[in-house]
Structure formats: C-alpha cells, structure tokens
Amino acid sequence: MSENIGRIARSSGRRTQMSDAQRKRRKAVQIITGAALIAVIIVMAFVANQTNPKGAYIVIIGTLLGYALQRSRFCFTAALRDPFLTGGTNLTKAMIITFALYSFLLMAINITKFGISLDSVDFSKAAGYIRPVGFHTALGAFLFGIGAVIAGGCASGTFMRMGEGFLQQWVVVIFFIIGSMIGGVAAPIVQFKSAPVVFLPQLFGGWALAAFVQFSLLLILYIVADIWGRKKAGGR
Amino acid sequence: MSEEKINANKQKVDYWKILFKNEWSYVTGAVVIVVLATALVIVTGKSWGVTGILHLWGGKFLELIGVNADTWSIYNGALGKFNFWKSIPSITNVGIVLGALLSALLAASFKIKKIKSYKQVIAAILGGILMGVGARMAMGCNIGALFSGLSSFSLHGWVFFLFIFIGAMVESSMLKKWFM
C-alpha cells in the first residue's frame, strides 16, 4: 500500500529530466558511500583484532545485527506498543518467534555445555543471562517500557535509528547514558539482596518440563497476538 | 514466440533491488537476528546485551573532560579496566549504528531526519533517562533482560516482559490522549 503511494509520488516527480538525473546521482553517491563504509568496517575489524582476538567477529556480527534490524524494520518497542497504538501484531508475533528460536538454541547450547542434569549448571558461565528477579525487575521494566515508547525506540532501536539518520536518537542516546549513570545510584535502592535467581529448569525440576512451560507460554502468546491482530487491524 | 513474450524475457532482473533495496519481512528479520545472536554466543560465550556498558561510556567521557569519575561508587575502578575493544556490547552497539547506516546507504534510502520540534527533544531527554534508569534497575534492557534473559529460561526475563508490556501499554494510551 505505502509502496504504491511511494511509486505514484516518484513517477509524478519524474516530470523533468533534471530531477531524474539527480535521483540517479543521489542513488550512486549513496551506494558508493556504502561501499566505502564496508571498507571502514573491515578496517575496524582489523583494529579490533589487535586488542581482542575475537574483536573482528564481534565487529562483523554487530554490523550484521544493525543491517538486519534496519532491513526488516525490527523494533521491540513497536512490537510492544503497536497492539495498542495501531492494533497491528505482526511485529509482536515476530518478536515471540525470536524468543522461541533463541530459547531453543540457548537450551541446546547450555545442555551441551553442562549436560542434561542441572547439577553442574553454573549461571555465570551459562549462555544467556540468568539473573535475580524481584521488585527491581518489575519497576525497571515498567520505567523502561514507558521510556522506550516516549523516545520512540528501545535500546537496539535507538542505535539502529542513529545509523538511519534520525537526529532525535542521537539526543536519546546521550540521555540514555546519563540515565544509566543515575540508575547506577538509584538501582541498588530497589535491588534487594534477598531477590532470588529463578532458573525455570530448576523450578520445574528439569529441562523437559521447563521447555514445555516456556514453549507453551510463547505459543499461547503468539495465538493471542494473532487473534488480537485479526480483530483490531484486520489481520495486519 | 509472441512479441510480448520476448519483451518479458528481455526485462532485466534488478539484482540491486533484490539484494539491497527490498525490505525483509519481520519473520526473516527475526530468524536472521536469532542466528546472529547465537553466533555471538558461540564466539564470545556471552549473550547479546546493549545497555550494561552505557554508564561506562558516560564515565569515560567524564574522564576525557578531566573529571575523575573512576572513584565514584557507581564505577569503583571499572573505568580504569574499561577497554572499548574488549567490551562486547560497546563494539556491537557501534556495529548496529554502522550496520543500519550501511543498510540505508546500500538501499539508497539514507536521509538525515532532523528534529522537528522541542517536543521531540523533551521526548528524547525523558525517554532516554527513563530507559537508562529502568535498564540499570532491571539489570538489562529489551535485549539483555528480555530477548536474552527470557530466552535463557530465567524468570526475570518473563517478569521483564510482563512489565515492559504494561509500561508500553500505559504510555501508548497516554500518547493516544495527547497526540491523537
């Protein structure tokens, strides 16, 4: 739909020969700049490798993450916000798919690492983040959700939009950093020492039941999102 | 062969459009993101995070302008140990900026989007600070706590999911009232 509108706008703007040539030049300049940027990224990968033997890989993976986020317009904030703002849940469903796929892969990695038994699981060495849960999680996530909707992008989205050319996100990141520093002072107040680490496989006495619960919940959420999307936005 | 058919055969395939211009579906994006995140785990042993190091960037900036922040309780010597090339989230964050820029450039769709009103500045300040404070409290952001945390079978990821959702819901309804 929007693509059609864009096409009409483009063809109507093609009245003069000049603007068409300009457009072609603009396209060429951008693509050449892009090619030059690839060279910059490769140099960066080499520089990273001077200090960190894994540096080059991390540079490449980070860049590809940015590329993938931009190309698919993937935005966690929109995934959480759009069901209420527009009624659309396609991105919400895609987000749930990332959780399901990544859960499966992290489970596979952790089982390979520690074995199927939970006796030797070491949270600090586990793939992923297994952290204390409590009041701080709820309050922090709530504030983060409000902030992400106001700023029009979450953590990954902010960096992605900085690259896309949104000047607003360059302001966001400055205050995100300042907020992180303020949070460094404020966070210990709500992070109680008694907050437990709850690892679902331990809670449910094994990987099998934990996986059943995890994937069932994700499936239910996916179906709910699908129904919500059909009702609110005609399946969008 | 009819003339129409010959013309159709002659039509050039625009590989640039296929490779760089066409947008990916959300599901394609989802799969690629998970593959890359898994690659990061395999290479580094650590899952993707974004916000855990942002306060260190702030502290490094303070050091640059002559403020010795390393003795502050929130750093406690962490700034001295900080090395950009050894800080995985620091590299991936800059990588995300460069990757998104690259994607926009190769698609010839890069455009600087200026700040249009003071409202956007206030939104940026308020939203940025709330996200920063929230991520520190919850020990992670939408990536570290939600994407990586929930997928690690850690309850804190699920609680984060529930409450970021409530936060987004509350704020969306407010946005609707104010701007629509």
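1. In chain A, residues 24 or more positions apart account for 55% of the contacts with a separation of 6 or more; two residues are in contact if their C-beta atoms, placed from the backbone, lie within 7 Å. The model is predicted: local features need pLDDT of at least 70, side-chain atom pairs count only at pLDDT 80 or more, and totals for chains, interfaces and linings use all residues. Residues are numbered from 1 along each chain as its sequence is written, and chains are lettered from A in the order in which they are written.

2. Chain A has 10 helices and zero strands, where helices (H or I, at least four residues) and strands (E, at least two) are DSSP runs numbered from the N terminus. With a radius of gyration of 23 Å, well over the 18 Å that the globule rule gives for 236 residues, chain A is more spread out than a compact globule. The radius is taken over C-alpha atoms, and the rule is 2.2 Å times the number of residues to the power 0.38. The C-alpha trace of chain A spans about 70 × 55 × 40 Å along its principal axes.

3. Of the 236 residues of chain A, 44% count as buried (20 or more other C-beta atoms within 10 Å of the residue's own, with C-beta atoms placed from the backbone).

4. Helix 3 (residues 55-71) and helix 7 (residues 155-164) of chain A pack at about 85°, with their axes 10 Å apart. Axes are lines fitted to C-alpha atoms over the stretch in contact, and angles run from 0 to 180 degrees between N-to-C directions. Helix 3 of chain A is therefore roughly perpendicular to helix 7 of chain A (65 to 115 degrees). A:Gly66, A:Leu69 and A:Gln70 of helix 3 make the contact with A:Ser156, A:Met160, A:Gly163 and A:Glu164 of helix 7.

5. Helix 6 (residues 135-151) and helix 8 (residues 167-190) of chain A pack at about 165°, with their axes 12 Å apart. Helix 6 of chain A is thus roughly antiparallel to helix 8 of chain A (over 145 degrees). In this pair, A:Phe135, A:His136, A:Leu139 and A:Ala151 of helix 6 meet A:Val172, A:Ala187 and A:Val190 of helix 8.

6. The contact between the chains takes 110 residues from chain A and 104 residues from chain B. On the side of chain B that touches chain A, helix 7 of chain B gives the most, with 18 residues.

Note on methods: A residue is buried if 20 or more other C-beta atoms lie within 10 Å of its own, exposed if 12 or fewer, and partly exposed in between; C-beta atoms are placed from the backbone. Angles under 35 degrees count as roughly parallel, over 145 as roughly antiparallel, 65 to 115 as roughly perpendicular and the rest as oblique.
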